[in-house]
Each structure stands twice: as structure tokens, then as C-alpha cells.
Amino acid sequence: MGAAKVYIVDRIETMPGRAREFVDRYLAEYVPGAVGRGMTLAQVLVAPPLWFDDRSNTVTVTWELDGPAAWWEMTWKGRPDPELGRWWAGVEHLIARRTRESAAAAADLEVLADV
């Protein structure tokens, strides 16, 4: 049986009419570096499910990591990388607000807490 998964959930509320551009740039520019940090892209959801020209969309990106060790490895690769900050600064005009959360399946919490 594989390690309990840790999920990273990014939620980005885009500026009105900018969701498609944000998603295109995220996939082309951000995803390759994240994969290099050990993350596996699980899904990219856009709500509501249509591109608005005059309203905001919420983009929810879910990443998978193979347990807490992979989470720490991703974290320590990303924190000192100045390119990440530059990338987010370069798309700042597309974003109204963003959050990032770490999560796990309820059934895996006991396993993940046993360190």
C-alpha cells in the first residue's frame, strides 16, 4: 500500500475576465516547476464552469504529494526559489485573491500523525 497522500489545494479568484489567461499561464509556466518540486497535478477546476468576460472565476487547483516527507521536500525546494515569487508577481494583475491549504483524506489522518 502506498503512502497516505497529502493534497495541496490552491484557490485563485481571478480578476474579472482574466481566468482563461491565468489558467493558461499557470499550466504553461507554473506547473513544470511544481512537478520538478515533486508535486503531481490532480485537477484544475474553474467555477462557475464557463469563462466570464466581465466577472471573476474561481480556479481551484489540486496537487498530490506522496505523504508528509514529499510535502516537506516540496516545501524546502520552493521556499528558497526566487523564481516562485517572481512568477506570482508576474501574474498579480490577473488575481483578486488566492489561498493555499494542505489537506489529507480523513481516513489517512492517523497514519499521517504517526511520526
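Predicted model: local features only at pLDDT ≥ 70, side-chain atom pairs only at ≥ 80, totals over all residues.
Take R11 and E101, which form a salt bridge with their closest N and O atoms 3.3 Å apart. This pair links distant parts of the chain, since R11 sits in strand β1 and E101 in strand β4, 90 residues apart. Both partners are partly exposed: R11 has a relative accessibility of 36%, and E101 has 43%.

Now look at R97 and E13, whose side chains meet in a salt bridge at 2.8 Å, N to O. R97 belongs to strand β4 and E13 to strand β1, so this pair ties together parts that are 84 residues apart in sequence. Is R97 buried or exposed? R97 is exposed, because its relative accessible area of 53% is over the 50% cut-off. E13, at 24%, is partly exposed.

For a local example, turn to helix α1, residues 19-36, where E29 and R25 lie four residues apart, about one turn of the helix. Their salt bridge has its closest N and O atoms 3.1 Å apart. E29 is partly exposed at 39%, and R25 is partly exposed too, at 23%.

Let's step back to the whole chain. It has four helices and four strands, and along the sequence they follow the pattern β-α-β-β-α-α-β-α. The C-alpha atoms fill a box of roughly 50 × 30 × 20 Å along the principal axes. Of the 115 residues, 32% count as buried. Among contacts between residues at least 6 apart in sequence, 78% join residues at least 24 apart.

One of the buried residues is G78, with a relative accessible area of 12%. You'll find G78 in helix α2, residues 67-78. Leaving aside residues up to four places away in sequence, G78 touches R37 and L84. G78 and G33 are 45 residues apart in sequence, and their C-alpha atoms are 9.1 Å apart in space.

L84 also brings us to the largest pocket, where M74, T75, R79, L84 and R100 lie nearest the centre, among 15 lining residues. Which elements give two or more residues to that lining? They are β1, α2, α3 and β4. The pocket's volume is about 290 Å³, and its lining divides into six nonpolar, three polar and six charged residues.

Technical notes: Residues numbered from 1 in each chain as written. Heavy atoms only, no water. Buried < 20%, exposed > 50% of the residue type's maximum accessible area, 1.4 Å probe, protein only. Contact = heavy atoms within 4.5 Å. 1 Å grid on protein atoms, 1.4 Å probe; cavity = no way out; pocket = protein on both sides within 12 Å on 5 of 7 lines; lining within 4 Å. Points joined across faces, edges and corners; volume = space filled by probe spheres on them. Nonpolar A, V, L, I, M, F, W, Y, C, P; charged D, E, K, R; others polar. Salt bridge = Lys/Arg side-chain N within 4 Å of Asp/Glu carboxyl O.
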